Amino acid sequence: KTFFYSKVLVITLFNNTTLMTVSKDRVKPSPHPIQWLLSDVFAHASVYGIYSAICTVTFFVVIVKTSFFQDRFGVDRIEKLPDDSSPPGWNLPILSSIIYLQSSIMAHALIFITRSRKFFFLDRPSLMLIVPFAFAQICATLIAVYANWGFTNIAGCGWKWAGIVWIWNLVWFFPFDLLKVGHFQLMKLLEYFLFLVEFSSL
């Protein structure tokens with residue numbers, strides 16, 4: 001429980017600090033009035049949340065159920081602890097650091113996904129957004145690599161695991177951006193379809 005709250009606190013601190021710079025971003029506002037629709041916000045948030053969860057859970061399963069990373073990158077295998085140990089099960093300090101870093105990077109990557117309806121590389125973010133992101137992720141990476149904090153039950157995972165985490169998130173980032181664009185197009189088609197249904201009923 002201590003690990004859970006401490007990790008969420010650190011991720012939230014870095015995430016909110018970066019989010020405050022979004023107001024200085026260079027995304028062009030819509031030239032037309034935009035109606036705020038809770039249903040659209042909920043739909044987008046659900047899609048992004050499910051994708052992010054699948055990314056993290058799949059990463060965890062590949063680590064603990066396969067030897068993929070051990071065979072290709074030469075990292076040590078992470079073994080499950082006995083149920084009567086403290087901490088039990090998969091609550092290993094190194095695994096905690098790995099999952100923390102993966103979640104932190106993906107949470108910040110979501111900022112670049114959601115800041116524009118277009119592909120992220122078609123609308124360059126401002127330095128006011130890039131610099132805090134880089135600073136936050138450098139800090140998160142250093143924490144995951146070197147921190148040995150007993151009160152949070154984490155231990156340094158090393159640079160190999162940190163590199164694996166970054167590569168994993170980069171591989172999942174580009175489909176994430178494609179999913180965002182596709183979801184916006186699907187929402188447009190649905191809105192157009194509902195308009196035709198309403199118009200035909202007049």
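Is aspartate 123 buried or exposed? With a relative accessibility of 10%, aspartate 123 counts as buried. Here, buried means under 20% relative accessible area, exposed means over 50%, and partly exposed lies in between, with a 1.4 Å probe and protein chains only. The model is predicted, so local features need pLDDT of at least 70, side-chain atom pairs count only at pLDDT 80 or more, and totals for chains, interfaces and linings use all residues. Residues are numbered from 1 along each chain as its sequence is written, and side-chain values use heavy atoms, with hydrogens and water left out.

The chain holds six helices and zero strands. From the N terminus on, its elements run α-α-α-α-α-α. Helices (H or I, at least four residues) and strands (E, at least two) are DSSP runs, numbered from the N terminus. The C-alpha trace spans about 70 × 35 × 35 Å along its principal axes. The chain has 202 residues, and 37% of them count as buried.

Contacts were computed next. Contact means heavy atoms within 4.5 Å. Among contacts between residues at least 6 apart in sequence, 74% join residues at least 24 apart. The accessible surface comes to about 12,600 Å². Carbon and sulfur atoms account for 71% of that surface. These areas come from the Shrake-Rupley method with a 1.4 Å probe, and for residues only the protein chains shown count as cover.

The chain carries 16 positive and 11 negative charges, and their mean positions are 8 Å apart. Lys and Arg count as positive and Asp and Glu as negative, while His and the chain ends are not counted. Each charge is placed at NZ of Lys, CZ of Arg, CG of Asp or CD of Glu.

Two packed helices are described by the angle between their axes and the distance between the axes. Helix α4 covers residues 93-114 and helix α5 covers residues 127-146. Their axes come within 9 Å and cross at roughly 175°. Helix α4 is therefore roughly antiparallel to α5. On the α4 side, the contact is made by Ser97, Tyr100, Leu101, Ser104, Ile105, His108, Ala109, Ile111 and Phe112. On the α5 side, Leu129, Phe133, Ala136, Gln137, Ala140, Thr141, Ile143 and Ala144 take part. Axes are lines fitted to C-alpha atoms, for helices over the stretch in contact, and angles run from 0 to 180 degrees between N-to-C directions. Angles under 35 degrees count as roughly parallel, over 145 as roughly antiparallel, 65 to 115 as roughly perpendicular and the rest as oblique.

Aspartate 123 sits in the loop between α4 and α5. Residues up to four places away in sequence aside, aspartate 123 touches Arg26, Val27, Lys28, Arg115, Ser116 and Lys118. Leucine 13 is 110 residues from aspartate 123 in sequence, and their C-alpha atoms are 26 Å apart.

Threonine 18 belongs to helix α1 (residues 2-19). Its relative accessible area is 1%, so threonine 18 is buried. Not counting residues up to four places away in sequence, threonine 18 touches His108, Ile111, Leu129, Pro132, Phe133 and Ala136.

Asparagine 169 is part of helix α6 (residues 158-200). Asparagine 169 is buried because its relative accessibility is 4%. Beyond residues up to four places away in sequence, asparagine 169 touches Cys55, Leu101, Gln102, Ile105 and Met106. Histidine 44 lies in helix α2 (residues 38-65). At 12% relative accessibility, histidine 44 also counts as buried. Neighbours within four places in sequence aside, histidine 44 is in contact with His183, Phe184 and Met187.

Threonine 114 is in helix α4. With a relative accessible area of 42%, threonine 114 is partly exposed. Threonine 114 and lysine 180 are 66 residues apart in sequence, and their C-alpha atoms are 7.8 Å apart in space.
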